[in-house]
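Subject: Structure handover

Hello,

Here is the structure I promised to pass on. Please open it first, then read the notes below.

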Amino acid sequence: MAFPEDVLTKDEHVVLHLHPHWKALIRPIVVLVLAISAVVVGVLLLPESSGGSIALAVIGVIALVAVLWLGLWPFLVWRTTHYLFTNERVLLQQGVFSRDRRDLPLTRINDHSMNQHFFERLLGCGTLTIESAGERGQSVLVDVPGVSRVQTTLYELVEAQHDKHSLGDGEMRDILADMREGKPLRDTTT
């Protein structure tokens, strides 16, 4: 369930690869412990008669359904949700059976903000909102681990991408001087 490397371009490299915060796994673990406890209590306390066997089977089926629905499914959703930050874009991917992927080029990111509630601050996670130029506009990444560090990294990536695709003051002066002298424009992308 690792993120496929073949979605990256030739010069692209991963800076951060995250899943939602581990707090998403608390409920599945609690459900698993409670289900196992219910079955063990049923085995220990129910009589060995046919009525006890039926009751134990019912407890076992309910425990199994609870583990699959409230335990395994949230784990699979957590495991297949990826927040990938590269030197060129932010990729958001989720989906257990089907896949939904969104690419946010760093050049189109206009703004980003983070939000942490009290308990999220204690756990070291939060919500990162990324505003981008495009049809969908806003992307909300929930339960991002180390959200303040991630926001700082995103800022650095956006600035580095902006600097890579913009001219410096010296280059702009040279271009203006060449234009005044009637010289052809130089290629400044190399």
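Helices (H or I, at least four residues) and strands (E, at least two) are DSSP runs, numbered from the N terminus. Contact means heavy atoms within 4.5 Å. Axes are lines fitted to C-alpha atoms, for helices over the stretch in contact, and angles run from 0 to 180 degrees between N-to-C directions.

The model is predicted: local features need pLDDT of at least 70, side-chain atom pairs count only at pLDDT 80 or more, and totals for chains, interfaces and linings use all residues. Residues are numbered from 1 along each chain as its sequence is written, and side-chain values use heavy atoms, with hydrogens and water left out.

**The four-stranded sheet**

Start with the sheet E1-E2-E3-E4. It is open, and its pairing is antiparallel. (Two strands pair if DSSP finds at least two bridges between them.) Strand E1 (14-18) and strand E4 (100-105) are the edge strands, each pairing on one side only. On average, neighbouring strands here are turned by 10 degrees against each other, direction ignored.

E1 and strand E2 (residues 82-86) run antiparallel and are joined by four bridges. His 17 has Leu 84 in E2 as its bridge partner.

Helix H4 lies across E1, E2 and strand E3 (89-94). Its direction is at about 150 degrees to E1.

**The three-stranded sheet**

The other sheet to look at is also open, with three strands in the order E5-E6-E7 and antiparallel pairing. Strand E5 (109-115) and strand E7 (138-145) each have a single partner strand, so one side of each is left without a neighbour in the sheet.

Strand E6 (residues 125-132) pairs with E5 over six bridges, in the antiparallel sense. Ile 109 stands opposite Ser 132 in E6. His 112 has Ile 130 in E6 as its bridge partner. Ile 130 also has a bridge partner in E7, namely Ser 139. E6 and E7 are antiparallel too, with six bridges.

How much of E6 is covered? Seven of its eight residues are buried. (Buried means under 20% relative accessible area, exposed over 50%, partly exposed in between, with a 1.4 Å probe and protein chains only.)

Five residues lie between the strands, and Gly 137 takes a positive phi near 70 degrees.

**Helix H4**

H4 (residues 147-164) also lies across E5, E6 and E7. It runs at about 170 degrees to E5.

Arg 149 lies in H4. It is partly exposed, with a relative accessible area of 44%. Leaving aside neighbours within four places in sequence, Arg 149 is in contact with Leu 16 and Leu 18. Arg 149 and Gly 124 are 25 residues apart in sequence, and their C-alpha atoms are 10.0 Å apart in space.

Thr 153 counts as buried, at 14% relative accessibility. It touches Val 15 and Leu 16, not counting residues up to four places away in sequence.

H1 (residues 26-45) has 20 residues, which should span 28 Å at 1.5 Å a residue. Its end C-alpha atoms are 28 Å apart, which agrees. (The expected span of a helix is 1.5 Å times one less than its number of residues.)

Which residues of H1 are buried? Pro 28, Val 31, Ala 35 and Gly 42. They cover an arc of only 60 degrees around the axis, which puts them on the same side of H1. (The arc is that of the directions from the helix axis to the C-beta atoms.) On the other side, Ile 29, Leu 34, Ile 36, Leu 44 and Leu 45 are exposed.

Helix H2 (50-79) is part of what covers the buried residues of H1. H2 has buried residues of its own: Gly 52, Ala 63, Gly 71, Pro 74, Leu 76 and Trp 78. These pack against H1.

H2 has 30 residues. It reaches 41 Å from its first C-alpha to its last, close to the 44 Å expected. H2 has a kink of about 30 degrees, centred on Val 67. (The bend at a residue is the angle between axes fitted to the seven residues ending there and the seven starting there.)

Best wishes
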